[in-house]
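Trainee: Hi, could you walk me through this one? I'd like to start with the interface.

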2 protein chains.
Amino acid sequence: MTNINIRELARQLKLSVSTVSKALHDSHEISDETKKRVLASAARLNYIPNPYASSLRGRRSKNIALVIPEVADSFFSLAINGIESVAKEKEYHVLIYLTHEIYRNEEAILAELRAGRVDGVLMSVSRETVQTDHVKSLIENGIPLVFFDRVCEEIDTARITTNDFAIACTATEHLIKQGCDKIIFLNVSRTLSITNRRFEGYKKALADHNIVLNEEDLVFCRTGADENYEIIKNALRMNPDGVIASVENLTAPFYKACSELKIKIPEDVKFLCFSNLEIASILHPSLTTVTQPAFEMGKVAATLLFKALEKTNFDLAKESLEIPSSLLIRDSTAANKIIPPV
Amino acid sequence: MTNINIRELARQLKLSVSTVSKALHDSHEISDETKKRVLASAARLNYIPNPYASSLRGRRSKNIALVIPEVADSFFSLAINGIESVAKEKEYHVLIYLTHEIYRNEEAILAELRAGRVDGVLMSVSRETVQTDHVKSLIENGIPLVFFDRVCEEIDTARITTNDFAIACTATEHLIKQGCDKIIFLNVSRTLSITNRRFEGYKKALADHNIVLNEEDLVFCRTGADENYEIIKNALRMNPDGVIASVENLTAPFYKACSELKIKIPEDVKFLCFSNLEIASILHPSLTTVTQPAFEMGKVAATLLFKALEKTNFDLAKESLEIPSSLLIRDSTAANKIIPPV
């Protein structure tokens with residue numbers, strides 16, 4: 001026997017949803033006769049109250065969901081700490097859901113959350129996400145959502161981002177100043193907004209310095225580390241003197257590929273990566289990184305979400321914020337020593 | 001008005017819980033009169049069905065919870081992938097809850113889960129966990145739980161562990177063979193079963209080789225990385241020729257401390273770490289690790305949990321398993337070259 005929801009129950013009773021809800025909660029506003037009618041129908045039709053709908057229960061779930069692609073990335077593990085620092089104060093649990101960069105997973109998770117299992121959602125979209133109906137549908141169901149880092153531009157809600165375009169421009173200019181003029185950009189997705197903005201920043205810096213961008217200078221990596229190792233080895237065979245990796249997990253395959261091909265960092269090729277890796281400074285050579293304000297971004301995103309949960313009429317759409325990243329210069333982009341002519 | 005649960009409702013009606021449940025679900029086994037009585041009392045006493053109790057709803061939540069200390073550790077991020085590989089096949093969501101190594105958090109999370117929000121729980125306990133009432137109470141509420149990696153010995157359920165004692169013994173013997181006889185063990189907790197078993201393995205190897213263990217050779221680190229950097233610098237001032245770190249996040253402070261004190265790895269001190277870091281091989285020097293079968297442990301734990309969910313009478317207590325770790329020898333424990341006498 002299938003269960004029916006409160007809307008269907010109200011329809012069959014020819015009552016409003018609100019009246020049915022009040023009757024089920026034994027409100028003094030509802031007559032005893034109506035209460036009995038509602039309960040009888042509820043039993044007959046196998047109505048089971050939506051367990052999560054906070055408005056019906058009179059209390060909130062005290063949970064927020066965090067929907068992110070993965071945790072094997074220091075940006076997300078630091079952002080989680082920022083989010084939890086706020087949630088803890090509010091006595092909320094954070095439920096973490098991983099999409100593993102797959103749109104279908106993201107859709108299924110949001111469908112699950114739509115039922116009201118959580119009071120609000122913090123989200124960073126998967127690489128594959130192009131459609132946004134799943135997000136719209138969640139918000140239409142009255143569940144506030146705040147994007148951080150990877151956002152859907154067309155959804156009208158708060159977006160906490162960093163200055164991907166500007167910092168990529170700065171990072172590329174740093175390589176140019178260190179003597180590079182054949183710089184390869186390692187991207188991971190044609191659809192992901194943040195890595196594409198990084199690519200645009202790189203393009204801008206090249207153009208500003210009259211460096212021609214060849215088609216081969218944009219290289220696409222994949223999810224598997226073994227695959228990326230081969231892709232990077234192929235890219236290195238084009239003899240770049242600089243490489244920018246748009247995501248953290250390209251670091252290990254890049255260092256391994258250089259070691260295999262006997263290419264020296266930074267003498268033969270300078271390398272920098274968008275990364276929050278704590279161990280960047282103990283790599284050999286130490287790694288120049290674009291470091292995002294991960295903890296801060298998580299904290300601000302969570303703070304806004306709780307404002308939306310606490311205040312009626314708080315307009316999340318007016319609350320977007322960009323927090324700047326930093327370029328941390330280390331040995332992997334050190335300038336080559338000029339050998340004086342004999 | 002507070003809500004009552006089905007047990008209290010049954011008590012007040014002087015009926016069994018099962019009868020009340022069947023009445024609420026309009027079972028043909030129950031008379032119309034009893035159904036009416038149950039519904040009337042349910043309404044009067046503000047009974048709201050436990051939204052999560054799968055046995056009452058006739059369907060499951062299709063969620064399992066994963067309760068772990070943190071995600072900024074490659075063991076856990078790999079274990080998550082193992083768990084999700086199984087959950088996906090079963091069309092379940094995995095809700096990840098982080099305790100941040102704090103017992104109070106773990107207690108609050110399990111209290112939340114006890115209500116039946118999920119069908120089952122996979123768990124690795126916090127550093128602080130000594131008491132186990134919160135776990136017992138969860139299991140008594142009919143929610144199956146499987147431990148992996150960090151377990152409570154006294155709880156009668158499946159425990160998926162690795163051979164911490166034996167592999168620590170092997171790792172310590174490796175250092176001894178490489179010429180070390182003053183080996184420091186960096187621990188993080190006096191209560192955590194896995195690091196203590198690692199310490200016992202280390203002690204065994206020292207004893208087997210007639211090496212005296214001094215009190216100062218066991219050093220306790222903390223949670224903050226900055227603090228550990230200072231603790232490790234102090235430990236290095238005792239001039240050990242070998243150091244074993246019991247957890248992954250001691251790697252970065254160890255390398256930094258050596259660099260600061262101009263101590264060379266492996267010439268002055270050999271170092272190995274319990275770690276699943278992908279970048280161990282690109283550190284300078286590359287890091288010798290004890291690598292746990294993280295993905296496999298997660299996968300096996302999840303497989304057992306689903307067996308318990310699918311089969312009545314499946315006895316989790318009989319299903320514990322130990323999956324061995326591996327010692328991956330790299331440059332950080334290389335033997336010193338013997339300089340021939342002049």
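**The interface and two close-ups**

Mentor: Happy to: the count of salt bridges between chain A and chain B is zero, a salt bridge being a side-chain nitrogen of Lys or Arg within 4 Å of a carboxyl oxygen of Asp or Glu. This is a predicted model, where local features need pLDDT of at least 70, side-chain atom pairs count only at pLDDT 80 or more, and totals for chains, interfaces and linings use all residues. Residues are numbered from 1 along each chain as its sequence is written, chains are lettered from A and ligands numbered from 1 in the order in which they are written, and side-chain values use heavy atoms, with hydrogens and water left out.

Trainee: And how many residue pairs are in polar contact between chain A and chain B?

Mentor: Five, with both residues at pLDDT 80 or more. A polar contact is a pair of N or O atoms within 3.5 Å; within protein, one must be able to donate a hydrogen and the other to accept it, and residues adjacent in sequence count only if both atoms are side-chain atoms.

Trainee: Switching topic, which residues of helix 3 of chain A are buried?

Mentor: Thr34(A), Lys35(A), Val38(A), Leu39(A), Ser41(A), Ala42(A) and Ala43(A). Buried means under 20% relative accessible area (1.4 Å probe, protein chains only).

Trainee: What covers them?

Mentor: The cover includes helix 1 (6-13) and helix 2 (17-24) of chain A, along with helix 3 (32-44) of chain B. After helix 3 of chain A comes Asn46(A), with a positive phi near 60°.

Trainee: Now Ser325(B): where does that sit?

Mentor: In the loop between strand 11 (321-323) and strand 12 (326-328) of chain B.

Trainee: Why does Ser325(B) count as buried?

Mentor: Because its relative accessibility is 9%.

Trainee: What does Ser325(B) touch?

Mentor: Leaving out residues up to four places away in sequence, Ser325(B) touches Thr162(B), Asn163(B), Ile167(B), Val290(B), Thr291(B), Gln292(B) and Pro293(B). With Thr162(B), the side chains are joined by a polar contact of 2.7 Å.

Terms used
Buried means under 20% relative accessible area, exposed over 50%, partly exposed in between (1.4 Å probe, protein chains only). Helices (H or I, at least four residues) and strands (E, at least two) are DSSP runs, numbered from the N terminus. Contact means heavy atoms within 4.5 Å.
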